[in-house]
Amino acid sequence: MRNVSVVFYASLAIVACLVLMGITMPESLESVTSSTQGFITNSFGWYYLAIVSVFVFVCFYLLVSPVGQIKLGKQEDKPEFSRPTWLAMLFSAGVGIGLIFYGTAEPISHYAVSSPTGELGTDQGVMDAMRFTFFHWGIHAWAIYGSVALVLGYFTFRKGERSLISSTLRPLIGKHADGTVGKVIDVIAVISTVIGVATTLGFGAMQINGGLTYLFGIPSNITSQTIIVLIVTALFMISALTGLSKGIKILSNLNMGLSAVLFLIVFVFGSTIFTLNLFIDTIGAYMQNFINMSFRIAPLNEESRSWINGWTIFYWAWWIAWSPFVGIFIARVSKGRTIREFVVYVLLVPSLIGFLWFTTFGSAAITTEMSGLLSISSLSPEESLFGVLEGYPLSMAISILAILIIVTFFVTSADSGTFVIGMMTTNGSQNPSSRIKVTWGIFLSITALALLYSGGLQALQNTMIIAALPFSVIMGLMVFSLLKSLQKEAKEMGIGQLRNRQKKKTDGKVTNENAKKAI
């Protein structure tokens, strides 16, 4: 395979070992990942909260800073995709399957199963359920994605570096970025990405299986999930071989179109006014409690700490583990955008879309639960959406539409994943070969099945948290490297100097006027 780096073979060997252990010793893998996950969440929970808050701060700083006018590319570069297509691509890659899987499951869990504040089944519990769902899927998540994407987009398209995580650290480690240190960094990024994407594919397979079980009584087990993964693997292989501007672009627009139809059905035929009121009220509560939630670790309350470990720390780890994949992909489709435009469209717009989605589906689940017609909280997470849709007109047709959306999101995520991992393991090639993409596509599917076989949803979550820890350190260094390089370029371009000269003139006038008054 031409242009294949040592990172490809090293990463493939490590993933193969993980898969082999999951298949031959599933109980041992589940035991090891469970104990390691427990140690990490108990010992490094504070660290996850702190590092993610730093990423949020940096994104807001870049939004208002004069360096926001710098482009991800040369100043004359134009964007390759229109804004609607760009938004659809980054949204589909970023949170696609997650929105469908957790759209009803998370709010109803916070309301009726395990409350983040102890207000279980109350009116306040409804507000708390939505507020923490916004927290997990909003600005913090997109700040993680945006930080990695910004760093990669800046160094790749403006500085001419290869699309590799190691190349972004050149301002800090110099020539070592091309040596052994750089290779180790890239292998860590690839492993994190493989586990992140495989976990998401596992969620997708479980929910497709859950929908088929709820609607048609098809057994929910590893056999059914294996068949689902094999079918979807064939679909995303076809898409992967058609290229970025065809397969992924078409699928991303299809995802958004179908999702919009499902959203409008639930929004219009559900409690529309209640949903809008809940949306506005929760936005206010989210903004009001933003800082408090960002640093909430509950050191004196074991029950609350357990909830934080199971939800917040899991999510932060999920976003971090997925960030190399989403970051590289978003960077690849964001060439020609300014930093300020990038932050607005990657941080704020997707967050608002997600908030409206979760309010609509979350309120539908909660109102169904409160009505007593069906206990959504008693259903498994992968079946909760279909339980909600049962109460709508043409429920069977709508449920089949939901399964179709999950499949298209599944295909898009896997397609994007093979493309990005192919880039990472071929020295940053912008168009990795079909053979490389097919190889990684197969391994992504096998890894997802191995994790499902060794412990289902819990094994997926455990592995995610473990994979995220080492890459979070690399992320911190990447952001520092970006700020250092931007500061240097701002001085070279004279950005901010005009403002300083104007400030000096203003200060001078004030000084002269004060002197005259003193005389």
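Helix α10 covers residues 272-288 and holds 17 residues. From first C-alpha to last, α10 reaches 24 Å, close to the 24 Å expected at 1.5 Å a residue. The expected span is 1.5 Å times one less than the number of residues in the helix. Helices here are DSSP runs of H or I with at least four residues, strands are runs of E with at least two, and both are numbered from the N terminus.

This is a predicted model, in which local features need pLDDT of at least 70, side-chain atom pairs count only at pLDDT 80 or more, and totals for chains, interfaces and linings use all residues. Residues are numbered from 1 along each chain as its sequence is written, and side-chain values use heavy atoms, with hydrogens and water left out.

Which residues of α10 are buried? They are T275, L278, F279, T282, I283, A285 and Y286. Buried means under 20% relative accessible area, exposed means over 50%, and partly exposed lies in between (1.4 Å probe, protein chains only). An α-helix has 3.6 residues a turn, so residues three or four places apart point the same way.

Now take helix α4, residues 123-137. Its 15 residues reach 22 Å from first C-alpha to last, close to the 21 Å expected. Helix α4 is mostly covered, with 13 of its 15 residues buried.

**The whole protein**

The protein has 17 helices and zero strands. Of its 519 residues, 59% count as buried. The accessible surface comes to about 20,400 Å², and 64% of that belongs to carbon and sulfur atoms. Such areas come from the Shrake-Rupley method with a 1.4 Å probe; for residues, only the protein chains shown count as cover.

Contact means heavy atoms within 4.5 Å. Among contacts between residues at least 6 apart in sequence, 83% join residues at least 24 apart.

How many disulfides does a search of the whole structure find? The count is zero. A disulfide here is a pair of cysteine sulfur atoms within 2.5 Å.

**Aromatic rings**

Rings of Phe, Tyr and Trp (its six-membered ring) pair if their centres lie within 6.5 Å. Planes under 30 degrees apart count as stacked, over 60 as edge-to-face, and the rest as tilted. The count comes to 41 aromatic pairs.

One of them joins F101 and F203.

Why does the pair of Y315 and W319 count as stacked? Their ring centres are 5.6 Å apart and their planes meet at 20°, so the pair is stacked. Y315 and W319 are four residues apart in helix α12 (residues 302-332), about one helical turn. Both Y315 and W319 are buried.

The charged end of R337 sits over the ring of W86, 4.2 Å from the ring centre. To count, NZ of Lys or CZ of Arg must be within 6 Å of the ring centre and within 35 degrees of the ring normal.

I222 is in helix α8 (residues 222-240). Its relative accessible area is 28%, so I222 is partly exposed. Leaving aside neighbours within four places in sequence, I222 is in contact with L449, L452 and Y453. V261 lies in helix α9 (residues 244-269). V261 is also partly exposed, at 40% relative accessibility. The table gives C-alpha separations for one pair with each residue.

| Pair | Apart in sequence | C-alpha to C-alpha |
|---|---|---|
| I222 and M206 | 16 residues | 9.1 Å |
| V261 and I398 | 137 residues | 9.5 Å |

**Positive phi**

Most residues other than glycine have a negative phi, and most peptide bonds are trans. A298 has a positive phi of about 50° although it is not a glycine. A298 sits in the loop between α11 (290-294) and α12. At 17% relative accessibility, A298 is buried.

N427 also has a positive phi, near 60°, and is not a glycine. Its place is the loop between α15 (395-424) and α16 (434-493). N427 is partly exposed, with a relative accessible area of 24%.
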